[in-house]
Amino acid sequence: MDTLLITGAQGFLGCRLARYYARTWKVVAVGHKEMDITSKTSVSQVFETYQPKVVVHCAAISNTGYSQEHPDESWQVNVMGSVHVALACKEIGCKLVYMSSDQVYNGNLEDFLLPESILVQPVSVYGKHKLEAERRVAEILPDAVGLRLTWMYDFPDSPLKNTGILLNLKNTYEQGRTLKASLKEHRAVTYVWEVVKNMEKTFTLSGGVYNYGSENTLTSYETYLQLARHINLPEPEQWILADKEFRRNLSMDISKIRGNGILFPDSTEPVQPFSL
């Protein structure tokens, strides 16, 4: 059985990948206690020990606000951590699939689905660091596959580490609060188990970056209302408020990944809960 090494294996995506692929791979699931990605030596030692055939690199500081407030730490983890993983993959000759983000598009103001080929000039620390990681990994390991992920979610009752839009909506309603969603923002959301189940198909992709997840042509306000209805939260129009000021477009064109046989439902298409 071939070895699949997953970094960030205690995180939202990593823990689900580790569970799902343990059925068909020898999974080595590492977190920061087992491997310090900011240390080239630590990463090299782990890779030399386990000799993985494929590495799925999920470890990151994914909190955009934290990255903004702690840019040096974000650089060490999100940029140099990816560099160290790419170098270790090159040393042992294994395939690398690493997680990037739709946040590389957070400086784009176009009003259409954004393809990978468009010029990106991210404005946040997190977006800039993810883009720099893409650039550096490509220089080290041209056949590495970078996945620009959308915001992901699981159903609120998941027993695993959980976050995302459905949990936010449920908590907002149950706590009697309101939240704002923009009439001028376009952003996709993706059911995390669709990402997980499609991941093995990325192992044979040609090197480069790919928009990876669901498409969405609706505004965030429309998206929030539809998702609230999908999980039967009453009268979402009463507590989801329209923000008329905030403008942003993170919605990605996924035709490149679709052309490689990797399919995702649209952001507001109802999905069935998945569990192992």
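**Pockets**

I looked up the largest pocket in this predicted model and found a volume of about 1300 Å³. A pocket here is an open set of points on a 1 Å grid over the protein atoms alone, with protein on both sides within 12 Å along at least five of seven lines; a 1.4 Å probe fits at the points, and lining residues have an atom within 4 Å of a point. For the volume, grid points are joined across faces, edges and corners, and the space filled by probe spheres set on the points is taken.

I noted 45 lining residues for the largest pocket, and C58, A60, I61, S62 and N63 lie nearest its centre. The elements that give two or more residues to this lining are α1 (12-21), α3 (64-69), β4 (95-101), α5 (125-140) and β6. Helices (H or I, at least four residues) and strands (E, at least two) are DSSP runs, numbered from the N terminus. I sorted the lining by class and got 16 nonpolar, 21 polar and eight charged residues. In this sorting Ala, Val, Leu, Ile, Met, Phe, Trp, Tyr, Cys and Pro count as nonpolar, Asp, Glu, Lys and Arg as charged, and the others, Gly among them, as polar.

The second largest pocket has a volume of about 200 Å³. I found 13 residues in its lining, with S158, P159, W193, F274 and S275 nearest the centre. The classes in this second lining are eight nonpolar, two polar and three charged.

**How the model was read**

I number residues from 1 along each chain as its sequence is written, and side-chain values use heavy atoms, with hydrogens and water left out. Since the model is predicted, local features need pLDDT of at least 70 and side-chain atom pairs count only at pLDDT 80 or more, while totals for chains, interfaces and linings use all residues.

**Cysteines**

I searched the whole structure for disulfides (pairs of cysteine sulfur atoms within 2.5 Å) and found zero. C58 is in no disulfide, and the nearest cysteine sulfur, that of C15, is 9.7 Å away. C94 is in no disulfide either; the nearest cysteine sulfur belongs to C89, at 3.4 Å. Are C58 and C94 buried or exposed? C58 counts as buried, with 16% relative accessibility, and C94 counts as buried at 5%. Buried means under 20% relative accessible area, exposed over 50%, and partly exposed in between (1.4 Å probe, protein chains only).

**Cores**

I then looked up the nonpolar cores, which are sets of buried Ala, Val, Leu, Ile, Met, Phe, Trp, Tyr and Cys residues joined through side-chain atoms within 4.5 Å. The largest has 52 residues, and those with the most contacts inside it are L13, V56, L169, M199 and I240. Helix α1 gives the most to this core, with seven residues. A second, separate core has 28 residues, including V83, L96, Y98 and L141.

I checked what I240 touches (heavy atoms within 4.5 Å). Leaving out residues up to four places away in sequence, I240 touches L169, L179, A181, Y221, Y224, L225 and A228.

**Helices α6 and α8**

In α6 (residues 165-174) I found I165, L166, L167, L169 and T172 buried. Their cover includes β6 (151-153), β7 (179-186), β8 (189-191), α8 (220-230), α9 (236-239) and β10 (240-249).

In α8 the buried residues are S220, Y221, T223, Y224, L225, L227 and A228. They pack against β6, α6, β7, β8, α9 and β10.

**Loops**

I listed Q51 as a residue other than glycine with a positive phi, near 50 degrees. Q51 sits in the loop between α2 and β3 (54-57) and is partly exposed, at 42% relative accessible area. E235 is another non-glycine residue with a positive phi, near 45 degrees. Its loop runs between α8 and α9, and E235 is exposed at 57%.

Where is K33? K33 is in the loop between β2 (26-30) and α2 (40-50), and is exposed at 75% relative accessible area. K33 and V97 are 64 residues apart along the chain, and their C-alpha atoms are separated by 21 Å.

G259 is in the segment after α10 (255-258) and is exposed at 68%. From G259 to E134 I noted 125 residues in sequence and 21 Å in space, C-alpha to C-alpha.
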